[in-house]
Amino acid sequence: MLESIILFILTGLVLLLSAGAVAALLFRREIRSIRHRNSPWRCLRCGRCCRMNVILKQKDIERLKEAGYREEDFVERKCGIAFLKKKSDGDCVFLDQHEDENGNRWTECTVYSLRPDIGRRYPEFKWWFIRGKDHQCPGVGKNDETTNNAE
Ligand code: SF4
């Protein structure tokens with residue numbers, strides 16, 4: 001009887017540890033990002049986030065259409081999900097690249113005031129009560145602003 005109980009507890013522990021290890025592997029980026037929830041942030045206009053897969057809400061699409069953009073020019077649907085279309089080089093269709101005479105490069109969102117909700121929050125994310133900042137954004141930790149500069 002005692003052996004069965006010990007075996008049961010050990011099996012439970014192994015299953016729990018395995019589940020934890022799988023979750024840590026699947027969500028390692030998010031777990032690291034949680035540590036940065038209070039980190040300062042400033043956008044360095046590198047454009048990295050404008051090359052990610054950006055999911056659009058219907059209200060994002062409507063906002064851009066009301067401003068005169070044609071849906072077929074900026075929406076790409078994959079399995080029924082609307083994403084911001086990308087150019088052949090991987091940049092968002094609304095992203096402009098700039099370079100000055102000294103070789104300094106920066107990017108500019110040409111629809112900044114109309115940008116999708118997900119872009120307004122980035123690099124911050126929130127799952128229910130859990131929040132963090134995408135630590136892969138090079139602007140995380142760069143100054144004393146603790147919130148996105150979204151309007
Ligand atoms: S939010 Fe971060 S990743 Fe996006 S352009 Fe600014 S610094 Fe780059």
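Here is a short walk through the model, one selection at a time.

Before you click, note that this is a predicted model: local features need pLDDT of at least 70, side-chain atom pairs count only at pLDDT 80 or more, and totals for chains, interfaces and linings use all residues. Numbering starts from 1 along each chain as its sequence is written.

**Whole chain.** Show the protein chain as a cartoon and you get five helices and six strands, where helices (H or I, at least four residues) and strands (E, at least two) are DSSP runs numbered from the N terminus. Read from the N terminus, the order is α-α-α-α-β-β-β-β-α-β-β. The radius of gyration is 21 Å, well over the 15 Å from the globule rule for 151 residues, so the chain is more spread out than a compact globule. (That radius is taken over C-alpha atoms, and the rule is 2.2 Å times the number of residues to the power 0.38.) Along the principal axes, the C-alpha atoms fill a box of roughly 75 × 40 × 30 Å.

**Residues 2–26.** Now pick helix α1: 25 residues, reaching 36 Å from first C-alpha to last, close to the 36 Å expected at 1.5 Å a residue. The expected span is 1.5 Å times one less than the number of residues. Its count of buried residues is zero. Buried takes 20 or more other C-beta atoms within 10 Å of a residue's own, exposed 12 or fewer, and partly exposed is in between, with C-beta atoms placed from the backbone.

**The ligand.** Next, zoom to the ligand and show C43, L44, R45, C46, G47, R48, C49, Y122, P123, C137, P138 and G139 around it. Near here means a C-beta atom, placed from the backbone, within 6 Å.

Stay on two of those residues. R45 sits in the loop between α2 (28–34) and α3 (58–66), and its phi is near 55°, positive in a residue other than glycine. R45 is partly exposed, with 14 other C-beta atoms within 10 Å. P123 is in the loop between α5 (117–121) and β5 (124–127), joined to Y122 by a cis peptide bond with omega about 5°.

**C79.** Move to the loop between β1 (75–78) and β2 (81–84) for C79. C79 also has a positive phi, about 50°, without being a glycine. With 4 other C-beta atoms within 10 Å, C79 is exposed.

**Residues 146–151.** Finish where pLDDT (the predictor's confidence in each residue, from 0 to 100) stays under 50. Where pLDDT is low, the predicted coordinates should not be read in detail.

Note on methods: Two residues are in contact if their C-beta atoms, placed from the backbone, lie within 7 Å.
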